[in-house]
Amino acid sequence: MRSVAFLFLDAAVIAKRNMIRIKRVPEILVFVVLSPIMFVLLFAYVFGGSINIPGGSYREFLIAGIFAQTVVFGSTFTGVGIAEDIQKGIIDRFRSLPMSQAAVLIGRTASDLVYNVLTLLIMALTGLVVGWRIHSSLWEGLAGFALLLAFAYTFSWVMAYVGLLVPSVEVINNASFMVIFPVTFIANTFVPSENLPTVLRTFAEWNPISALTQAVRELFGNIPLGAPEPTAWPLQNPIIYTLIWGVIIVGVFAPLASLRYRKAVKKG
């Protein structure tokens with residue numbers, strides 16, 4: 001128990017160090033603030049008038065999808081931060097300190113969770129401006145945000161592994177965009193999945209991003225009236241499917257990232 005307590009204390013110190021970095025590099029905060037506002041306004045006003053959602057408002061349909069896409073893209077902060085620490089020799093400094101090695105990864109992913117909290121807050125406020133509302137109860141609304149943050153945290157472990165595997169900021173930015181961008185678009189994030197061609201529709205229905213989006217829409221009460229019932233199991237049980245994926249992702253990538261971190265440290 002004592003070692004576990006020290007692990008989380010060390011992780012808290014690492015997380016604090018990453019948060020203090022915002023003061024020294026304010027451009028990070030600018031990106032966190034402006035990017036979600038741009039996405040909400042762009043999709044709401046550019047695509048909002050051209051996409052019809054029978055029985056509902058496209059803006060309310062849209063927000064959950066933007067939430068899901070943004071928190072997944074926000075996980076790239078983890079990979080980029082770890083890659084920068086390796087390039088600048090910060091990992092070598094951590095190695096010389098009497099601290100748990102696992103604390104570096106836990107602290108990194110935890111601090112990026114704070115970025116996502118700020119991002120969701122700004123996006124929610126922007127959504128309210130363009131007409132989005134939560135029609136469910138307070139607890140269901142909070143559960144929707146909690147599910148988004150939980151999935152964002154699990155996906156951070158994927159990017160932590162990528163950041164250790166390819167310690168180059170430029171490569172991580174390009175690679176993550178090439179992978180995350182199509183995965184978040186071949187889903188029900190911005191258009192109903194039933195409108196997609198057969199092959200893409202099947203992929204979208206089993207895509208965990210679609211399940212996350214569907215779960216958040218249900219928790220926020222943003223499912224359009226008269227919307228057809230999903231026929232795929234993941235969209236019929238979106239919360240369970242999202243949680244299953246979260247467990248799988250952490251179960252696979254947390255050990256991989258920890259193992260890769262130890263190897264990266266030894267190479268230092």
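In the predicted model, helix α4 (residues 76–87) packs against helix α6 (residues 102–130) at an angle of about 135°, with the two axes 9 Å apart; axes are lines fitted to C-alpha atoms over the stretch in contact, and angles run from 0 to 180 degrees between N-to-C directions. Helices are DSSP runs (H or I, at least four residues), numbered from the N terminus. The pair α4 and α6 is therefore oblique, the term left for angles that are not under 35 degrees (roughly parallel), over 145 (roughly antiparallel) or 65 to 115 (roughly perpendicular). Phe77, Thr78, Gly81, Ile82 and Asp85 of α4 meet Leu105, Arg108, Thr109, Asp112 and Tyr115 of α6, where contact means heavy atoms within 4.5 Å.

The largest nonpolar core comprises 41 residues, and Phe67, Phe145, Leu148 and Phe155 have the most contacts inside it. Such a core is a set of buried Ala, Val, Leu, Ile, Met, Phe, Trp, Tyr and Cys residues joined through side-chain atoms within 4.5 Å, buried being under 20% relative accessible area (1.4 Å probe, protein chains only). Elements giving two or more residues to this core include α4, α6 and α7 (138–165), while α3 provides the largest share, 10 residues. Apart from this core lies another, of 17 residues, among them Ala11, Ile14, Val104 and Leu105. Leaving aside neighbours within four places in sequence, Phe145 is in contact with Phe67, Leu120, Ala124, Trp132, Ile134 and Phe220.

Residues are numbered from 1 along each chain as its sequence is written, and side-chain values use heavy atoms, without hydrogens and water. Local features need pLDDT of at least 70 and side-chain atom pairs count only at pLDDT 80 or more, whereas totals for chains, interfaces and linings use all residues.

Definitions and conventions: Buried means under 20% relative accessible area, exposed over 50%, partly exposed in between (1.4 Å probe, protein chains only).
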